[in-house]
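Hi,

Here is the structure I promised to pass on.

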Amino acid sequence: MAGRSTSYTARGLSTPRPGALSGRSRSLLARSFARNSALRHMDWLLVLVVAALSALGVLLVWSATQPGLIAAGQDPRTYLKKQLLWVVIGLVLMFVVSLADTRQLKAWTPFFYGATLLGLLAVLTPLGSDVNGAKAWISLPGGFQVEPSEFAKVALIVMTAMIFSRVRGGRPGLRAVLLALVAAAPLIGLVVTEPALGVALVLVVVTATMILLSGVRLRLVAALVGIVAAVIAAAGGLHLLKSYQLTRFTSFLHPSADLSGAGYNAAQAKIAVGSGGMFGQGLFHGQLVAGNFVPSQQTDFIFTVAGEELGFVGTIVIVFLLGVVIIRALRIATRADELFGLLVASGIAMWFAFQSFVNIGMTIGIMPITGIPLPFVSYGGSAIFADMIAIGLLQSVHRRHSVFD
């Protein structure tokens, strides 16, 4: 003790006394430490991979839209500027959500769920905009649009996770499962009403995955499978699907039956992907992209742009990066300290995996055309925001494990 006092005296400092720091100073130090801790415990590999995917998406969107804008006499960088703005805002949202504790996320869940539900109801009113036969957008000043169905994926995941995490002792029973289904039903029903079949499929698959991972008994799972099968059979028998949706499934099963109609998109997509060869024709040099032979090539069919201009190597890079995101999400799920975090991370992993598989699959002819974007790559503000919020949720779960490990 004497030596320690001497060293302080030699440097012209008085010996620190317990409690010498004021309450305000301690508070400032604690806040500074918390901020540094939050950044230190981020999964930076996940952040870098998401940033790389977003950068590739910006370039592909620019390439896909530039020829058409030039032909129309408009600014060829219009979509580039918008997509860059969406990505920047999305990254901000990701970091904001990642700083929240899982307890805060649970507290915010009912409000986010309610806001999403109101948004899905709003698109069915005069506030909604009809685009390509689907009334799924809310138009805002400045030419911007919001698609609430994209946020329904996040709302469903956090609400379902919250319901199952509140079960005390033992496995979740019938009551918890029914509550989860009651929470999912209005989201899925409103999305189907728009109609947005692709998003509805994602919601159904994510709901089923989270119920399975919650720890419910197998006999209850078997009963749910029977109910879902009955609902699907009823949907077909009562003709609840739109005629164009049925046509899409028919064209998927028989792609060469109507190449001038329903099978056109699928055929052109496969041609575009195959024409790139090993290394592609080069960014901004795709002939089919320039001719706009594939509809919606900056959104649902962005993978065809990658196939033609970046070739097999470029598409494999995109698939690899998406795979890293999914694997990191699963890793976070397995290391989660509580059921809420496990279910949130697992739901996000299934969301990205299923949506990526369907989007890429429909461009190469192994899945029906359902109209869903490729995560982090396709054009669209709402999709980017929802994807980035999901990454923020993963970071929040990851930080909780890292801090308490």
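**A serine in a helix**

S356 is buried, at a relative accessible area of 6% (buried is under 20%, exposed over 50%, partly exposed in between, with a 1.4 Å probe and protein chains only). You'll find S356 in helix α14, residues 339-364 (helices are DSSP runs of H or I with at least four residues, strands are runs of E with at least two, numbered from the N terminus). Setting aside neighbours within four places in sequence, S356 touches L322, G361, L374 and P375 (contact means heavy atoms within 4.5 Å).

Before you go further: this is a predicted model, where local features need pLDDT of at least 70, side-chain atom pairs need 80 or more, and totals for chains, interfaces and linings use all residues. Residues are numbered from 1 along each chain as its sequence is written, and side-chain values use heavy atoms, leaving out hydrogens and water.

**The sheet**

There's an open, antiparallel sheet of three strands in the order β1-β2-β3 (strands pair if DSSP finds at least two bridges between them). β1 (128-131) and β3 (144-146) are the edge strands, each pairing on one side only. Strand β2 (residues 134-140) is joined to β3 by three bridges, and S139 has Q145 in β3 as its bridge partner.

**Back to the helices**

V313 sits in helix α13, residues 302-334. Is V313 buried or partly exposed? V313 is partly exposed, with a relative accessible area of 35%.

Cheers
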